[in-house]
Amino acid sequence: MKTPRAATRRHLPTSPFKPPAAAPPVERFAVDDRVNHDQYGLGVVIGVEDEVAVLVDFRPRQERIPAPYNKMTKL
């Protein structure tokens, strides 16, 4: 007897058992990018840690913002 495979099953768009949607790609920041953060305001990226976190200067303080950057947008 064959076992059913989840990969071969078709899921209807309205099914509550459909596979989860793919996560959106993580936004990339570079040094000297100007950004806006919902909590800290305007800032400038002063360091980048390979899709893990960015270091941002928000005058008068510096903050390390971990990925994903939900509250931060590039200007």
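This is a predicted model: local features need pLDDT of at least 70, side-chain atom pairs count only at pLDDT 80 or more; totals for chains, interfaces and linings use all residues.
Figure 1. As background, the strands of a sheet pair through backbone hydrogen bonds, and they can do so in a parallel or an antiparallel way.

**Figure 2. Confidence across the chain.** How high is the average pLDDT of the protein chain? The average is 86, and 87% of the residues score at least 70. Among the elements of the chain, strand β1 (residues 34–37) has the highest mean pLDDT, at 97, while β5 has the lowest, at 94.

**Figure 3. Strand β3 and its partner β2.** Let's look at β3 together with one of its partners. Strand β2 (residues 41–49) and strand β3 (residues 53–57) run antiparallel and are joined by 5 bridges. Is β3 mostly covered or mostly exposed? Strand β3 is mostly covered, with 4 of its 5 residues buried.

**Figure 4. The turn between β2 and β3.** Here the view moves to the end of the hairpin. Strands β2 and β3 form this hairpin with 3 residues between them, and D50 in the turn has a positive phi of about 25°. E51 is also found in the loop between β2 and β3, and its phi is near 60°, a positive value in a residue other than glycine. For comparison, most residues other than glycine have a negative phi. E51 counts as partly exposed because its relative accessibility is 43%, between the 20% and 50% cut-offs.

**Figure 5. The hairpin of β3 and β4.** Strands β3 and β4 form a hairpin with 4 residues between them. In that loop lies R59, whose phi is near 40°, a positive value in a residue other than glycine. R59 is exposed, with a relative accessible area of 68%.

**Figure 6. Two cis peptide bonds.** P60 is found in the loop between β3 and β4. Another cis peptide bond joins A67 and P68, with omega at about -5°. P68 lies in the loop between β4 and β5. Both are worth a look, since most peptide bonds are trans.

Figure 7. Side chains of opposite charge can pair when their charged atoms come close. The count for this model comes to 5 salt bridges. One of them joins D33 and K74, with the closest N and O atoms 3.6 Å apart. This pair links distant parts of the chain, with D33 in the segment before β1, K74 in strand β5, and 41 residues from one to the other.

Figure 8. E49 forms a salt bridge with R64, and the closest N and O atoms are 3.0 Å apart. The pair links distant parts of the chain: E49 belongs to strand β2 and R64 to strand β4, 15 residues apart. E49 is partly exposed, with a relative accessible area of 37%, and R64 is partly exposed as well, at 47%. R61 forms a salt bridge with E63, whose closest N and O atoms are 2.7 Å apart. In this pair R61 counts as partly exposed at 43% relative accessibility, while E63 counts as buried at 16%.

Definitions and conventions: Residues are numbered from 1 along each chain as its sequence is written. Side-chain values use heavy atoms; hydrogens and water are left out. Two strands pair if DSSP finds at least two bridges between them. pLDDT is the predictor's confidence in each residue, from 0 to 100. Buried means under 20% relative accessible area, exposed over 50%, partly exposed in between (1.4 Å probe, protein chains only). A salt bridge is a side-chain nitrogen of Lys or Arg within 4 Å of a carboxyl oxygen of Asp or Glu.
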